[in-house]
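Subject: Structure for your review

Dear colleague,

Please find below the structure that I am passing on to you.

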Amino acid sequence: MIVDKTNYDLKKIYDSVHAAEEQFFTVPPIIESIEIFKEIPDWSGMNVLEIGCGVGDLAAMIAGSDARKVTACDYSKESIDKANNSYQNIENLQFICDDCHNLKFNEKFDIVIMQGTLEHFDNPFSSLNEIINKFLKDDGLLLNSCPAFYNPRGYVWMTLSLLFDVPMSLTDLHFLDVEDFKKFCSKNKLSLEWRSIHHDWASGDGLIEDFKKRLVNALRDAGLPNNNVDKLLKWLKESNNYYARTESSGAEIIYRIKRL
């Protein structure tokens with residue numbers, strides 16, 4: 001499903017987001033950044049490209065772990081300005097303000113990272129294919145994280161979105177999940193591994209706290225009644241004991257993609 005927006009319609013949102021991240025993000029992005037960082041035991045000597053770097057926290061972590069060079073891009077000037085102000089004088093770190101489709105380099109990268117970025121593209125898998133072909137070495141690794149929906153949070157979200165056209169996110173243009181990446185990788189002769197994170201946000205107390213605000217506001221903005229949200233949240237909390245968490249059921253999934 002795609003909502004009636006384009007990627008550049010989101011730019012105004014991103015230009016204002018980082019002034020008050022705690023009000024915009026349910027889970028602070030740095031937590032996800034740390035999880036992605038842990039995917040590589042040793043960053044030393046790596047040439048790394050991050051697409052959609054935001055305020056640069058993950059790129060700075062990698063640069064500080066003896067990567068040969070880290071190039072990080074984002075099309076939000078506000079984000080790049082904040083990144084440059086926060087991480088000055090790091091010799092192996094470069095921030096670029098541009099759309100990734102415009103980037104050109106003289107060399108390819110050992111690792112390409114996209115943290116919570118792909119679902120915001122107009123044509124996500126066409127763009128992903130282009131990114132792999134343009135930027136990734138033959139033996140390189142692409143790390144991509146996306147929201148995931150094979151969980152109670154996702155079931156509620158997708159029911160409201162698909163049946164009642166109730167948006168629960170200002171910025172997600174697409175809802176991507178494991179089956180979508182399986183199909184993409186099979187078609188393009190790529191290997192795929194994944195692990196999910198933020199299980200509490202997907203089906204625990206984090207979900208309840210998030211929906212107390214998000215669900216009430218989404219229904220209100222759609223002109224639908226929201227007076228029974230507390231009853232649903234009570235049921236979700238009680239039913240959580242009977243929900244079996246799996247490696248695909250967290251609220252976010254980190255994908256590892258390589259050429260076969």
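Which residue stands opposite Glu 252 in β7? It is Pro 147. Please note before reading further that this is a predicted model.

The sheet

That pair belongs to the contact between β5 and β7, two strands that run antiparallel and are joined by 6 bridges. The sheet as a whole is open and has 7 strands, in the order β3-β2-β1-β4-β5-β7-β6, and its pairing is mixed. At the edges stand β3 (93-97) and β6 (190-197); each has a single partner strand, so one side of each is left without a neighbour in the sheet. On average, and with direction ignored, neighbouring strands are turned by 15° against each other. As a general point, the strands of a sheet pair through backbone hydrogen bonds, either parallel or antiparallel.

β6 pairs with β7 (residues 252-259) in the antiparallel sense, over 8 bridges. Ser 191 has Lys 258 in β7 as its bridge partner, and Ser 196 has Ile 253 in β7.

Helices on the sheet

Helix α3 (residues 29-37) packs on the sheet, where it touches β4 (109-115), β5 (136-147), β6 and β7. The direction of α3 makes about 150° with that of β4. Helix α8 (residues 178-187) lies across β5, β6 and β7 and runs at about 165° to β6.

α8 also meets helix α6 (residues 124-135): the two axes come within 11 Å and cross at roughly 50°. The two helices are therefore oblique to each other, and their crossing is right-handed. From α6, the contact is made by Phe 125, Leu 128, Asn 129 and Ile 132; from α8, by Asp 180, Phe 181 and Phe 184.

Helices α7, α10 and α11

Helix α7 (residues 152-164) has 13 residues and reaches 17 Å from its first C-alpha to its last, close to the 18 Å expected at 1.5 Å a residue. Its buried residues are Pro 152, Arg 153, Gly 154, Val 156, Trp 157, Leu 160 and Ser 161. These buried residues of α7 pack against α9 (199-203), α10 (205-221) and α11 (229-239). Asp 165, which follows α7, has a positive phi, near 55°.

α10 and α11 also pack on each other, at an angle of about 155° and with their axes 10 Å apart. That makes α10 roughly antiparallel to α11, because angles over 145 degrees count as such. The crossing of α10 past α11 is right-handed. On the α10 side, the residues that meet α11 include Leu 207, Ile 208, Phe 211 and Leu 215; on the α11 side, the residues include Val 229, Leu 232 and Leu 236.

Two buried residues

Not counting residues up to four places away in sequence, Leu 207 touches Pro 152, Arg 153, Asp 200, Trp 201, Ala 202 and Leu 236. Pro 152 and Arg 153 are among the buried residues of α7. Leu 207 and Thr 159 are 48 residues apart in sequence and 16 Å apart in space, C-alpha to C-alpha.

Ser 249 lies in the loop between α11 and β7. Ser 249 likewise counts as buried, at 2% relative accessibility. With its neighbours within four places in sequence left aside, Ser 249 is in contact with Tyr 150, Asn 151, Ser 196, His 199, Ala 202 and Tyr 243. Ser 196 is the residue already mentioned as the bridge partner of Ile 253.

Residues with positive phi

Most residues other than glycine have a negative phi. Asn 89, in the loop between α5 (77-86) and β3, has a positive phi near 60°. At 77% relative accessibility, Asn 89 counts as exposed. His 198, in the loop between β6 and α9, has a positive phi of about 60° although it is not a glycine. His 198 counts as buried, at 16% relative accessibility.

With kind regards

Terms used
Residues numbered from 1 in each chain as written. Predicted model: local features only at pLDDT ≥ 70, side-chain atom pairs only at ≥ 80, totals over all residues. Heavy atoms only, no water. Pairing = 2+ DSSP bridges. Helix = DSSP H or I, 4+ residues; strand = E, 2+ residues; numbered from the N terminus. Axes fitted to C-alpha atoms, helices over the stretch in contact; angles between N-to-C directions. Contact = heavy atoms within 4.5 Å. Expected span 1.5 Å × (residues − 1). Buried < 20%, exposed > 50% of the residue type's maximum accessible area, 1.4 Å probe, protein only. Parallel < 35°, antiparallel > 145°, perpendicular 65-115°, else oblique. Left-handed = near helix turned anticlockwise from the far one by under 90°.
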